Structure formats: C-alpha cells, structure tokens
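Visitor: I am new to this structure and would like to understand the words used to describe it. Could you take me through them with care?

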Amino acid sequence: MTAILTWNIQNGRGCDGVTDLARIARVAKAMGDADVICLQEIARRDPAFDGGTDQVAQLQALFPGFRAIFGPALVRGEREYGNLILSRLPVLQVCNHLLPHPAEGGIKHMQRQAIEAVLETRSGPLRVMTTHLEYYSAAHRAAQVARLRAIQEEVAANEASPAKAAPSPYDPAPRPASLVLCGDFNMLPEDAEYRQLFQPPLVDAWRSARPGEPDPPTTGLHDRVQWPKGGHCRDYFAVTPDVARRIACIDMDAATDASDHQPLRLVLR
C-alpha cells in the first residue's frame, strides 16, 4: 500500500487564528499512516507568516524519517512561499514547474508552482505532484491547468526515451506517466476548469473510488469568515487511469479546523 495525504494548511493557521504546525502534524498523523504528505501554503523566512520562521524546517522536524522537497512559487530575497512534499519513500527525481502567470489587469494574482517528485513505491516508480492554483482569476487557472496537462503529455511521450549508458546529465532516470496530482485547485466541480482538468488521461480519484458520490466540501466547513458560502470543494486528487485502478480508499477529515481546508488521504494498492 502507498498512502498520500494532501492539505492546504494555510501556513499552519487554524480557524481559531492560531498558527500551530505541531497541530497540523498531529491531525495528519491521526488520519492514518502516510508515505507521502503534500502541503500547500508553506512559507520560509517571511515575516508575514509565523514570525518569519522556516516552516519547511519545522515540518521536516515534525515528520522525522521524511525527506522535505520544497517548491517555491515565490522567491523574494530570503522570503520563499510555495508547496511542499514530504516523502519517506526513496526520491528518484524532482522537477519544479513554474505555472503560467498571464498578464491580467485589475485582477489580484501571484506566481503559482507545482512540485513533482518521482518516488520508488512497492509497485514501481510513481510521480507525485502537488500544486496550488490561482484563486482570483479563472483565466489564470485555465492556463495553469493547460500547462499541467501539457506536462503530463510530455512525460508520457518521453517515457520510453533511449537510455544513455555513460554517466552524464543525460543519464536515464525513471519518470513514468503514472501520476498522482493533488492540491488546492481553487475550482468547483461545476467550473469549466474542472472539466478541463478531468479529461483523459486524468481521473478524479474521489469519483473513481466512490461512484455516484460528489466531491466532498474541502473548505468552508469551519471558517465562515473567509468562506461565507459554507462548505464546498476546491481540493482534489487527479490520477492517471492505471493509478485509479489501484485505489484502495480515499477519505477526508471533515472534523478538523486546524486550517480553513480539510485534509484528503488516498491509499493505493
């Protein structure tokens, strides 16, 4: 079994306004064993968040035995902001993808990113990618979804690239088409960007594992200040069909208010 958790942790700030990464770790561990933990909204040395601490180092310490793979979307001097993969599985390769940031006047927006790790699982190499798409702009999300899908197409086309025997930057490294893409996509199931994302070869893992059951409300359950509309879904696992066939279970912790989002956990056979 391979278990993967995804969660937008809002820099560790709970619905009580308290920033507590140790609480985040406790909630994540209480969901069950996880081999890979994908977190969004992580800050390093930014005085706007958690007193300017290095949240990557803090989370690494809270999950001993895991390797921290940080993907900054923003690097401004010493300040960094982005997404994090924690893996206790062997890491075969890492790719950092900056996502499109189109010009759009009058709209608040920021640079977005996806971090990808190729991990060695009992079933062979698996790509795990986590991201956090633009909140304020549907045009940005559409461009970012298009880039994520283009990356997948490129990887699938290159999967059988010829190997180079001699040690060099051209050395072959596993990077299969098999993919788990997760995170805060800032789209609703009825949005055009959702339909754009979940076209072949990508499948909504929740709907695949729970036929007829809608995606659960992953935000707005507890924080009605930021989310006055109440509970709705913004967080997903997108997987390739071969991965979808391996799903043993997928669950969400609806009770925790340690963030404004809820954590999701996917278990693969």
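Guide: Let us begin with a definition: a residue is buried when its relative accessible area is under 20%, exposed when that area is over 50%, and partly exposed in between. Please keep in mind throughout that this is a predicted model.

Visitor: What makes Asp-35 and Arg-88 a salt bridge?

Guide: A salt bridge needs a side-chain nitrogen of Lys or Arg within 4 Å of a carboxyl oxygen of Asp or Glu; the closest N and O atoms of Asp-35 and Arg-88 are 3.0 Å apart, and the pair therefore meets that condition. The two residues come from distant parts of the chain, 53 residues apart, with Asp-35 in the loop between helix H1 and strand E2, and Arg-88 in the loop between strands E4 and E5. Asp-35 itself has a relative accessible area of 9% and is buried.

Visitor: Why is it said that Arg-175 and Glu-116 tie together parts that are apart in sequence?

Guide: Arg-175 lies in the loop between H3 and E8, whereas Glu-116 belongs to strand E6, so their pairing ties together parts that are 59 residues apart in sequence. Their side chains meet in a salt bridge, with 2.8 Å from N to O.

Visitor: What makes E5 and E9 edge strands of their sheet?

Guide: The sheet is open and holds six strands in the order E5-E6-E7-E8-E10-E9, with mixed pairing. Strand E5 (91-98) and strand E9 (203-204) each have a single partner strand, so one side of each is left without a neighbour in the sheet.

Visitor: How do you know that E6 and E7 pair?

Guide: Pairing requires at least two bridges between two strands, and strand E6 (residues 113-121) and strand E7 (residues 124-132) have eight, in the antiparallel sense. Helix H3 (residues 138-158) lies across E5, E6, E7 and strand E8, running at about 165° to E7.

Technical notes
Residues are numbered from 1 along each chain as its sequence is written. This is a predicted model: local features need pLDDT of at least 70, side-chain atom pairs count only at pLDDT 80 or more; totals for chains, interfaces and linings use all residues. Side-chain values use heavy atoms; hydrogens and water are left out. Helices (H or I, at least four residues) and strands (E, at least two) are DSSP runs, numbered from the N terminus. Contact means heavy atoms within 4.5 Å. Axes are lines fitted to C-alpha atoms, for helices over the stretch in contact, and angles run from 0 to 180 degrees between N-to-C directions. Buried means under 20% relative accessible area, exposed over 50%, partly exposed in between (1.4 Å probe, protein chains only).
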